[in-house]
Amino acid sequence: MPESPPKGFSRSTPYLYYEDAAKAVDFLVRVCGFTERFRMPGPDGKVMHAEVQLADGVVMLGHPGPEFRSPKKLGGATQNVYVYVDKVDDHYAHAKKNGATILREPADQFYGDRTYAVEDPEGHHWFFATHVRDVAPQDMHP
């Protein structure tokens, strides 16, 4: 019997829609440090489905069809993707150097993570974090 989830996937994997999935893969690899795992062209030659990976996390993405409206077309993001990295300040410096649109500069958060945020070319928001201290739930105060 096959494994569920399949090998190399966690139980929860985000799937993001893009008008230009190829451009999104290129951005995530070049700016955010992901590795491309897979790219599948559709009948029109555009990337219909792709997968990128950072450490043990996978993000799937693709082009859902002409009815799709990106966050930019909607006028704002509808979600955030939160990604843990080993050294968030180094990750930030790399993203900024490679032209990322920075939404939030690196800062320590009340819940124990140090985070920064970028917006990708189609308006999806990506938060990158390093856990820097443990905070008990009762001690979390914004």
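In total, the secondary structure comes to three helices and eight strands, where helices (H or I, at least four residues) and strands (E, at least two) are DSSP runs numbered from the N terminus. The structure is a predicted model, in which local features need pLDDT of at least 70 and side-chain atom pairs count only at pLDDT 80 or more, whereas totals for chains, interfaces and linings use all residues. Residues are numbered from 1 along each chain as its sequence is written, and side-chain values use heavy atoms, with hydrogens and water left out.

The C-alpha trace of the chain spans about 50 × 45 × 25 Å along its principal axes. Of the 142 residues in the chain, 38% are buried; here, buried means under 20% relative accessible area, exposed means over 50%, and partly exposed lies in between (1.4 Å probe, protein chains only). Among the contacts with a separation of 6 or more, 53% are accounted for by residues 24 or more positions apart, a contact being defined by heavy atoms within 4.5 Å. The chain exposes about 8600 Å², and carbon and sulfur atoms supply 53% of this area. Accessible areas come from the Shrake-Rupley method with a 1.4 Å probe, and for residues only the protein chains shown count as cover.

With regard to charge, the chain has 16 positive and 20 negative side chains. Lys and Arg count as positive and Asp and Glu as negative, while His and the chain ends are not counted. The centres of the two sets lie 3 Å apart, the place of a charge being taken as NZ of Lys, CZ of Arg, CG of Asp or CD of Glu.

The largest pocket holds about 220 Å³ of space. Of the 14 residues that line the largest pocket, Leu54, Gly57, Val58, Tyr82 and Val83 are the closest to its centre. A pocket is an open set of points on a 1 Å grid over the protein atoms alone, where a 1.4 Å probe fits, with protein on both sides within 12 Å along at least five of seven lines; lining residues have an atom within 4 Å of a point. Grid points are joined across faces, edges and corners, and the volume is the space filled by probe spheres set on the points. Strand S4 (57-62) and strand S5 (80-84) each supply at least two residues of the lining, and the largest share, four residues, comes from S5.

Ala55 is placed in the loop between strand S3 (47-54) and S4. The phi angle of Ala55 is near 55°, a positive value in a residue other than glycine. Ala55 counts as exposed, because its relative accessibility is 67%.

Glu122 is buried, with a relative accessible area of 10%. Leaving out residues up to four places away in sequence, Glu122 touches Tyr18, Glu19, Asp20, Phe68, Ser70, Pro71 and Lys72. Glu122 and Lys23 are 99 residues apart in sequence, and their C-alpha atoms are 9.4 Å apart in space.

His124 also lies in the loop between S7 and S8, and its relative accessibility of 4% places His124 among the buried residues. Beyond four places in sequence, His124 touches Leu16, Tyr17, Tyr18, Pro71, Gln79, Val118 and Glu119. The C-alpha atoms of His124 and Gln79, 45 residues apart along the chain, are separated by 7.2 Å.

Pro121 lies in the loop between S7 and S8 and is partly exposed, at a relative accessible area of 34%. Apart from neighbours within four places in sequence, Pro121 is in contact with Lys23, Phe27 and Lys72. From Pro121 to Leu16, 105 residues apart in sequence, the C-alpha distance is 13 Å.

Arg30 is found in helix H1 (residues 21-30). Arg30 is partly exposed, with a relative accessible area of 46%, and touches His94 and Asn98 when residues up to four places away in sequence are not counted. A separation of 19 Å lies between the C-alpha atoms of Arg30 and Arg104, which are 74 residues apart along the chain.
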